[in-house]
Structure formats: structure tokens, C-alpha cells
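Hi,

Here is the model I said I'd pass on. Have a look, and my notes follow below.

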Amino acid sequence: MIETIEGLPEGTLGFAFSGQISGHDYDTVLVPAMERAIEEHDRIKTLLRFGPAFEGYDLAAAWDDTLLGLRHWRGFERIAVVSDVPWLRTTIRAIGALLPCPIRNFPTEQEQEARIWLGESLGSIHLDEHNGVIQVRLIGRLEPSAYDHIDADIAALFSRVTPVKLLLDLRDFDGWSGLAALGEHLSLIREHRSAPRRVAVVGQQNWQKLVQKLLSRFTSAETRFFDVAHSAQAELWLQGNGESVREAGIRQPHDA
């Protein structure tokens, strides 16, 4: 059977699974609650508790589970699975990298930690404009909700600053929480790909250089990567002052 877990924050659903889960359980408890919550909140966080009495799914429930994921994969922001069932924990670890949202295992005695994790803010996007340069700072590990209202803010900044010179600051960026967050990022790039004239990417890790290469594939702007030690030169380059960059003794990054 499936029972709802009460007392969770707004936008978070919880379900407790026990015994053999049937298609009827999905149709009468889980699916209606999920669809109502996604319609109201767009994206939801979910706590799934599988107790020691959990025996698995019948075929109808397994099919319903697949259909629910296919219909609403963009609606899940984060999923915490609380269970000591070995085969279930192994399955979650195996499929986690393929899911569009972050999913994490917790042992039964750490359910409170699971609730805390669901409530955490993983990352944020900060926008600013200084001396005609639009600064976009990515902080932490971004999930899809970080992009919910950023598009209008970026459009407003782009409309005020011409030509658009963009500084993408990745020094505190830990990556995307899942495929859905990365998809939101790529959609944002595609939507505004023709606006920037130059894009400087500032970071401190080798994998962050790949972000600059990714940008160069989606925009007609000239793009360059600068390590953190040379962040001041990134702004000089954006302002079109290439001579100042060379005079400062900074080896020029590779063009896109």
C-alpha cells in the first residue's frame, strides 16, 4: 500500500510504501497527489519512504510508475529515498545519473537528514551590471528552479546595455544538479544567443573551461576563458581593451 506522509513543507510530497504495491495504489493515492502538486507548484520535491515491509511492485504498478515518470519528469525538482532495502538502494544508485533531477539515498535512521536535504537551496544565479558589463554569477549546484524567473531579468538587462558584454563567473559554481537543470541552462543560452557581442568565462577548474566551449557552440559571440587569477583582465577584454591585457603580461586565452 501507499500512504501519504504529512507535515512536510509546501511544495514537498511524501509517500510511505509497504507490502506489495499495486496499480490501484498508484491510481488512487500517488498519481492524483503528484498531478495536483505539479499543477500547483510546477516543480515538487518528493520524499519516498520504503519500510522493511516493502515487497516490491506488481506489473501494473511498475507500468504506472514508468508512465508517471514519462509524463512528469520535468516536474520533479529533487527526490529523497529513505530505505534500508538493499536492492532498492542499488537500483537508485544505478539510475540516479540518468534522471533529470537529483535523487539521493538515505538509510532509515537518517530520514530527518533527508527532509533537511529536500529543504536546502542547492544553488543560485546572481545578476549585476557594472561599467557596461553584465555579470552573471553561478553559485553552488544549480537545479531547475534556479532558472524559473531569471529569463525576464536577463532580458531586462540585455535591453538596457548595448552592445551586450557578458561576464560569466563560475568560481563558486559546482555544476548542475541533473539533466533538467542543464536543459534549462541550454534553453536560456539558445533564447539569448544573438544578444552578446563578447562573453568572458571566469573559473578555476578544468571542467569549467568546457562551459566556455559549450557557449561557443550556441552563440555567435566571441568567447574566452580566464582563470580566477586573471579575472581583472577578463573585464578589460570585454571592454575591447586587448592591448591592456597584453601589457599586463597575461597570456591570451584561446579564442572560441
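Helices (H or I, at least four residues) and strands (E, at least two) are DSSP runs, numbered from the N terminus. Before the details: this is a predicted model, where local features need pLDDT of at least 70 and side-chain atom pairs count only at pLDDT 80 or more, while totals for chains, interfaces and linings use all residues. Residues are numbered from 1 along each chain as its sequence is written, and side-chain values use heavy atoms, with hydrogens and water left out.

The protein chain has nine helices and eleven strands. Of its 256 residues, 48% count as buried (under 20% relative accessible area; exposed is over 50%, partly exposed in between, with a 1.4 Å probe and protein chains only).

K165 is buried yet has no salt bridge (a side-chain nitrogen of Lys or Arg within 4 Å of a carboxyl oxygen of Asp or Glu). The nearest side chain of opposite charge, E129, is 8.1 Å away; here Lys and Arg count as positive and Asp and Glu as negative, with His and the chain ends not counted. What K165 does have is a polar contact of 3.1 Å between its side chain and that of Q239 (a pair of N or O atoms within 3.5 Å; within protein, one must be able to donate a hydrogen and the other to accept it, and residues adjacent in sequence count only if both atoms are side-chain atoms). Leaving out residues up to four places away in sequence, K165 touches G132, V133, I134, R197, R198, L238 and Q239 (heavy atoms within 4.5 Å).

One of those neighbours, R198, does pair up: its side chain meets that of E222 in a salt bridge (3.3 Å, N to O). E222 lies in strand 11 (residues 222-227) and R198 in strand 10 (residues 196-203), so the pair ties together parts 24 residues apart in sequence. R198 is buried at 17% relative accessible area, and E222 is partly exposed at 28%.

The count comes to seven salt bridges. Among them is D172 with R137 (2.4 Å, N to O), which links the loop between strand 8 and strand 9 (173-176) to strand 7, 35 residues apart. R171 also forms one with D169, the closest N and O atoms being 2.9 Å apart. R49, E111 and R115 are linked in a network of salt bridges.

Last one: N131 has a phi near 55°, a positive value in a residue other than glycine. N131 sits in the loop between strand 6 (123-130) and strand 7 (133-142).

Cheers
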